[in-house]
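I set down here what I looked up in this structure, entry by entry. I began with confidence, then turned to the fold and the charged side chains.

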Amino acid sequence: SEDVLSKDAGECAICLEELQQGDTIARLPCLCIYHKGQVFLSMDIKFQEVAFMDCIDEWFEVNRSCPEHPSD
C-alpha cells in the first residue's frame, strides 16, 4: 500500500538513500517499507544530468518479492 512516512526510518534497502519523514513509501505485507515513486540520487552540474530511481516500482518490474525477504 502507498503511504506517507510519519518519521525518519533509516535507509531504503533498494536505493540506499535515507527514508525521511514526508517521503511517499510503499509498505509491503511483511511491513518492510521502500520509497514509492521517484527518488533523487545525484546531479552532475557539468553535464546537466540528474539521476532518479523509482525504488520499489523498478524492483517489482523484475522481482515479485520483498528485497529483504525473498523467500516470503
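Entry 1, confidence. I noted that the chain averages a pLDDT of 79, with 74% of the residues scoring at least 70. The model is a predicted one. I found the lowest confidence in strand β4 (residues 49–55), at a mean of 65, and the highest in strand β2 (residues 24–27), at 88.

I counted 1 helix and 4 strands in the chain. Read from the N terminus, the elements follow the order β-β-β-β-α. Of the 72 residues in the chain, 25% are buried.

In one of them, R27 pairs with D3, and the closest N and O atoms lie 3.2 Å apart. This pair links distant parts of the chain, for R27 is in strand β2 and D3 in strand β1, 24 residues apart. I recorded R27 as partly exposed, at a relative accessible area of 30%, and D3 as partly exposed at 31%.

I then examined D57 and K36, whose side chains form a salt bridge at 2.7 Å, N to O. Here too distant parts of the chain are linked: D57 belongs to helix α1 (residues 56–62) and K36 to strand β3 (residues 33–44), 21 residues apart. D57 is partly exposed, with a relative accessible area of 29%; K36 is also partly exposed, at 29% relative accessibility.

I located a patch of negative charge on the surface, made up of D8, E11, E17 and E18. E18 lies in the loop between β1 (2–4) and β2. I noted E18 as partly exposed, because its relative accessible area is 44%.

Methods: Residues are numbered from 1 along each chain as its sequence is written. This is a predicted model: local features need pLDDT of at least 70, side-chain atom pairs count only at pLDDT 80 or more; totals for chains, interfaces and linings use all residues. Side-chain values use heavy atoms; hydrogens and water are left out. pLDDT is the predictor's confidence in each residue, from 0 to 100. Helices (H or I, at least four residues) and strands (E, at least two) are DSSP runs, numbered from the N terminus. Patches are made of residues with over 30% relative accessible area and no salt bridge: like charges are joined within 9 Å, nonpolar side chains (Val, Leu, Ile, Met, Phe, Trp, Tyr) within 5 Å. Accessible areas come from the Shrake-Rupley method with a 1.4 Å probe; for residues, only the protein chains shown count as cover. A salt bridge is a side-chain nitrogen of Lys or Arg within 4 Å of a carboxyl oxygen of Asp or Glu. Lys and Arg count as positive and Asp and Glu as negative; His and the chain ends are not counted. The place of a charge is taken as NZ of Lys, CZ of Arg, CG of Asp or CD of Glu. Buried means under 20% relative accessible area, exposed over 50%, partly exposed in between (1.4 Å probe, protein chains only).
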